[in-house]
Amino acid sequence: MNRLSNIDRSYTGRSYWMRTASLPSFAPLSRAAEADAAVIGGGIVGLSTAWELARAGLRVIVLEADRLAGGVTGHTTGKLTALHTAVYDTLRSEHGEDAARRYATSQSAALRHVIEVVGELGLDCEVERRPALTYCQEPEGVEALRAEAEAARAAGLDASFVTETGLPFPVAGAVRVEDQAQFHPLKYLRGLADDIVALGGLIHEGTRVTELDGGEPCRLTTDSGVTVSARHVVVATHHPVFDRSVLATRLTQHRDLVIAGSLPAHRDPEGMFITEEGGKRSVRTSPLGDGSRLLIVTGEAFTPGEGEDTEAGYARLQGWTEQHFPDVAITHRWAAQDNSATDTLPLIGAMPGGGGSVYVAAGFAGWGMTGGVLAGTIIASLVKGGDEPWGGLYSPGRFGSALRSAPALLKAQWDVGKHFVKDRLDTLGDGTDGPVRSLRPGEGTVVRVGGKPCAVHRDDRGGLHAVSAVCTHLGCLVAFNNAERTWECPCHGSRFAIDGEILQGPALHALERQDPEELWPAPAGAEEDGPAGTE
């Protein structure tokens, strides 16, 4: 039985969190404003930072291009843990034992901070204490996990190597860290947003910032031409949309598929689990109102824009889930995007070249819940004039560690350059309509028309939609995601809707729309019925 048939297709792509948390709505910014601090982005980094600053008495304004928590934060799995797959042995070898200890201490402090905020504000956001485990099923992975358990324990975590877990299948070994947590991220952020407003802060949705001019004060300009003046600016846009120091060269992108569905409570594995084997698998559950649990499984990681068959990825993820949890009834699917710093550590703090008044947070490598909360505390401390927390561990200006990670950085830039050149060479035809006429409903491709790359999609009714295939960020060519029906850039992860509108930055402008009827006029007397066999 194909249980994906249980999914309400009108909600495909919208996460469970987005369906079950009613966040308040805020009007777009319509007139010029002034603030002590302007926060660009309304995800967990932006709202956490704005809340910390508002609590400190600063005048804060949050500017969100779409809806609060509607981007990366709204598609998370909602884990609060300091065990980040297998990061501690890497940190110890690349940055030293002290850096590993500071990382563990700071991430654990962020987890505790969430628990404290939940209590202080009286939030009902389904916080549950659970162990976190990184496991392997292949014997070849055991030695690395033993080393990770030892490194995590040396860094100060309550970590151990185990061979038994709550998963319904045997493992060769696992790192286990006790007393971690999970929550409903959007219910938590709803509480922060309410308190920001209660403290006098301003929040505006549907307000995309397209220009940032440094100075005293900084000046922000929105897509509607309205301006904001602020002494401090926080760029909390996942990938830095205003990159004065070419931070993009130190970030790589990846996207994970997610499926979820109800599971009988007695089948709950009672923990948060992750492995890098088999294209990655992450497992956790969340409480449902009927007493059952929502099983959430993530995996099939890929680089956006590389033309992966994402429908096939969902099928593999579904097959794995139903094999190991046969009682699950799958009802949701979505996808999550993350970026990682080439030297492993997130980039949090003053943006190099920002004049000391622009701050940034990026590169959480899939661990943005603790990372985002941590970013809020670090940036708020810097804005208030405090010393750089955690000894500058996360500082975006840490060029020494960037140099130590030169091989990873060079590989990331090689991949960008490869896409910039090779994708253009591989683009189909020039002026021929064969690839377009053969598109079946739901498919998309990039072709060359008049020497220019064009992204073309045929919708379920057979209609064609065309936009420029050149990403408006730095000019790489987009590729089609056949499950989410989006255009995605492989260089820096920008994502666009079929009509070219921005779904995810760092791009600041939509793809240019084109008229399919002008590009590929139907021959005289011909009927536009779409490709054969699609009736």
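Student: How do the residues lining the largest cavity divide by type?

Tutor: The lining has 7 nonpolar residues, 2 polar and 1 charged. Ala, Val, Leu, Ile, Met, Phe, Trp, Tyr, Cys and Pro count as nonpolar, Asp, Glu, Lys and Arg as charged, and the others, Gly among them, as polar. The lining residues are K79, T81, L83, A132, L133, T134, M272, F273, I274 and W367. This is a predicted model, where local features need pLDDT of at least 70, side-chain atom pairs count only at pLDDT 80 or more, and totals for chains, interfaces and linings use all residues. Residues are numbered from 1 along each chain as its sequence is written, and side-chain values use heavy atoms, without hydrogens and water.

Student: Why is the pair of Y88 and Y103 called edge-to-face?

Tutor: Rings of Phe, Tyr and Trp (its six-membered ring) pair if their centres lie within 6.5 Å; planes under 30 degrees apart are stacked, over 60 edge-to-face and the rest tilted. The ring centres of Y88 and Y103 are 5.7 Å apart and the planes stand at 75°, so the pair is edge-to-face.

Student: What makes the pair of F480 and W487 tilted?

Tutor: The centres of F480 and W487 are 5.0 Å apart, with 55° between the planes.

Student: How do you know whether Y88 is buried or exposed?

Tutor: Buried means under 20% relative accessible area, exposed over 50%, partly exposed in between (1.4 Å probe, protein chains only). Y88 has 0%, so Y88 is buried. Y103 has 4%, so Y103 is buried too.

Student: Why do R293 and E128 count as a salt bridge?

Tutor: A salt bridge needs a side-chain nitrogen of Lys or Arg within 4 Å of a carboxyl oxygen of Asp or Glu. For R293 and E128, the closest N and O atoms are 2.9 Å apart. R293 is in strand β14 (residues 293–302) and E128 in strand β4, so the bridge ties together parts 165 residues apart in sequence. Strands (E, at least two residues) are DSSP runs, numbered from the N terminus.

Student: Which residues are linked in a network with R293?

Tutor: E128, R130 and D268 are linked with R293 in a network of salt bridges. D268 and R293 pair at 3.2 Å between their closest N and O atoms.

Notes: On a 1 Å grid over the protein atoms alone, a cavity is a set of points where a 1.4 Å probe fits but cannot get out, and a pocket is an open set with protein on both sides within 12 Å along at least five of seven lines; lining residues have an atom within 4 Å of a point. Helices (H or I, at least four residues) and strands (E, at least two) are DSSP runs, numbered from the N terminus.
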